[in-house]
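Hello,

Please find the sequence and the structure below. My notes on it follow.

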Amino acid sequence: MSTTTRRLAATALATALGASALTACGGGSGGGSAADGSGKPAQKTVTLVTHDSFAVTDAVLKEFEQQTGHTVKVLNSGDAGTALNQEILTKGSPRGDVFFGVDNTLLSRALDNGIFTPYEAKGLDAVKPEFVLDAQHRVTPVDSGDICVNYDKAYFADRKLAPPQTLDDLAKPEYKDLLVVENAATSSPGLGFLLATVGKYGDGGTSQGGASGGGWKDYWAKLKANGVEVVDGWEQAYNERFSGSAGGKKAKGDRPLVVSYASSPPVEVLYAEPQPAEAPTGVATGTCFRQTEFAGLLKGAKNEAGGKALIDFMIGKKFQEDMPLKMFVNPVVKDAQLPELFTKHGAVVEKPETVAPDAIAKNREQWVKTWTSLVVK
């Protein structure tokens, strides 16, 4: 994908394991009808361009429509990278009013191409400041998630082998031929995992944390020597190759380690019949990269007022508290409550790896090119 979605997320988890994507409703962007004399505002359509993993509870969306008089039409556009590229190609004549799903790994591409109109959303003061990455407010943070290695609990328990917990662990001989990762050039979690290694080990010499070492390239050489498997995307890695997921079990996957999300275990519980008391998968919390997704008002939007109202709503408490069990991501507002299933089975990542957005913007293409030549070719 250059990026999947999430997460991202808003992740592909919701789509892959059965959470329904929102059905589009209404007509084209900006279309509307006159007030009917009842005092209710005239209905207008606001079009949300997003990735295929976007999902929201119908009742939550109805509340927005009742509050604002705007009917929401969702235009699903593949993974986040594909959707973003389409908006760049139609800059100035956008397909909708709001774009949701650009994350911190691709943020610079969106901002450099000038596809958004600055808008400081109402309620932005409730968003945790560490997620506000654009001082010009061209984008508004909506959710966050952690890309992490997941492990098959039964595999390690059966062999009395402790599952890996850190990036260093993954290169140890006891985990040889156990890990499957996504291609950093075609997948959002794949790119995020590459960035986790950049954040941890640096470009060589001295890591960002101050520890000496050979850099991320040497680390990946060790992973390759230790039998890491690379596949194109999350769906193949998680639902076909990974032995711990419901899909992987059906496909007879034989890799007990996979790059996925810290929120993957709750998905395995929510969609299992019957639901288990404990998730069958765990999270190696020392392998994670934090991903943040943003929404922005598209430049040239036909329904700018509706677009602004929708962004306001997306950082409101109702929408924020709906996301965890619909898109399996974390809220970004300070007072949002998480559902028990999400907190019981998901992993809390205290110290995820991060890479500054300007460093990603400057180096992303070269990092991916180098990674490809080192690991794939």
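Cys288 is buried, with a relative accessible area of 2%; buried means under 20% relative accessible area, exposed over 50%, and partly exposed in between, with a 1.4 Å probe and protein chains only. This is a predicted model, in which local features need pLDDT of at least 70 and side-chain atom pairs count only at pLDDT 80 or more, while totals for chains, interfaces and linings use all residues. Residues are numbered from 1 along each chain as its sequence is written, and side-chain values use heavy atoms, with hydrogens and water left out.

The disulfide

Cys288 forms a disulfide with Cys148, the sulfur atoms being 2.1 Å apart (the cut-off is a pair of cysteine sulfur atoms within 2.5 Å). The structure holds 1 disulfide. It links distant parts of the chain, with Cys148 in strand S6 (residues 140–152) and Cys288 in strand S12 (residues 281–298), 140 residues apart. Strands (E, at least two residues) and helices (H or I, at least four) are DSSP runs, numbered from the N terminus. The torsion about the S-S bond of Cys148 and Cys288 is about 115 degrees, so the disulfide is right-handed. Cys148 also counts as buried, at 0% relative accessibility.

The helix pair

The axes of helix H8 (residues 215–225) and helix H15 (residues 357–376) come within 10 Å and cross at roughly 30 degrees; axes are lines fitted to C-alpha atoms, for helices over the stretch in contact, and angles run from 0 to 180 degrees between N-to-C directions. That makes H8 roughly parallel to H15, a term for angles under 35 degrees.

Regards

Key. Angles under 35 degrees count as roughly parallel, over 145 as roughly antiparallel, 65 to 115 as roughly perpendicular and the rest as oblique.
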